[in-house]
Amino acid sequence: MEELQVVHQTKADEVYAKLRMQIVSGEFMPGDKVTIRQIAGLYQVSMMPVRQALARLHSDGFVTITNRTVKIKELSAKDVKDIFAIRIRLETLALEWAIPHINEEKTAHLQQIIDQMGKEYNPDINGKN
């Protein structure tokens, strides 16, 4: 069956993805306050897609919104502990499901992917400085 996939993204989707990445990567730190106008200027979009993106980020737990103030959510020690407990269980389950399907051909293919990622990430491997 042919895979059906929507490839069109709205500006709100793009703002959401970029802002989420900046939060996850630490460019926006927990506790930082941001404004709709600031983000709109950063991404050169109107304020409406920013509002939509922030609403999604709020529902996903990345930001808090109170009295027109947007703040990058701070994780408590319990939040971090819970996240790692969930990751341990999910990653263990993923390994349990993957192990029966591992063979030399798939291992070699994965190694090629890892090698290519290393070359793209580290230009020195390609001889570029």
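I started with V34 and looked up its bridge partner in β3, which is V70. This is a predicted model, where local features need pLDDT of at least 70, side-chain atom pairs count only at pLDDT 80 or more, and totals for chains, interfaces and linings use all residues. Residues are numbered from 1 along each chain as its sequence is written, and side-chain values use heavy atoms, with hydrogens and water left out.

**Sheet**

I then followed the strand pairs, where pairing asks for at least two bridges found by DSSP. Strand β1 (residues 33-34) pairs with β3 in the antiparallel sense over 2 bridges. Strand β2 (residues 63-66) also runs antiparallel to β3, and 4 bridges join them. I noted T69 as the β3 partner of T66. β2 and β3 form a hairpin with 2 residues between them, and N67 in the turn has a positive phi of about 45 degrees.

Put together, I have an open sheet of 3 strands in the order β1-β3-β2, with antiparallel pairing. Its edge strands are β1 and β2, each pairing on one side only.

Next I checked the faces of β3 (residues 69-72): V70 and I72 lie on the covered face, T69 and K71 on the uncovered one.

**Helix pair**

How do α1 and α3 cross? I found that the axes of α1 (residues 11-25) and α3 (residues 47-59) come within 8 Å and cross at roughly 55 degrees. The axes are lines fitted to C-alpha atoms over the stretch in contact, with angles from 0 to 180 degrees between N-to-C directions. The two helices are therefore oblique to each other (under 35 degrees is roughly parallel, over 145 roughly antiparallel, 65 to 115 roughly perpendicular, the rest oblique). The crossing of α1 and α3 is right-handed (the near helix is turned clockwise from the far one by less than a right angle).

I listed the contact residues (heavy atoms within 4.5 Å): K11, A12, D13, V15, Y16, L19, R20 and I23 of α1, with P49, V50, Q52, A53, L54, R56 and L57 of α3. They divide into 10 nonpolar, 1 polar and 4 charged.

**Whole chain**

Finally I stepped back and noted 5 helices and 3 strands (DSSP runs, H or I of at least four residues for helices and E of at least two for strands). From the N terminus, the elements run α-β-α-α-β-β-α-α. Of the 129 residues, 16% count as buried (under 20% relative accessible area, 1.4 Å probe, protein chains only).

Note on methods
Ala, Val, Leu, Ile, Met, Phe, Trp, Tyr, Cys and Pro count as nonpolar, Asp, Glu, Lys and Arg as charged, and the others, Gly among them, as polar. Buried means under 20% relative accessible area, exposed over 50%, partly exposed in between (1.4 Å probe, protein chains only).
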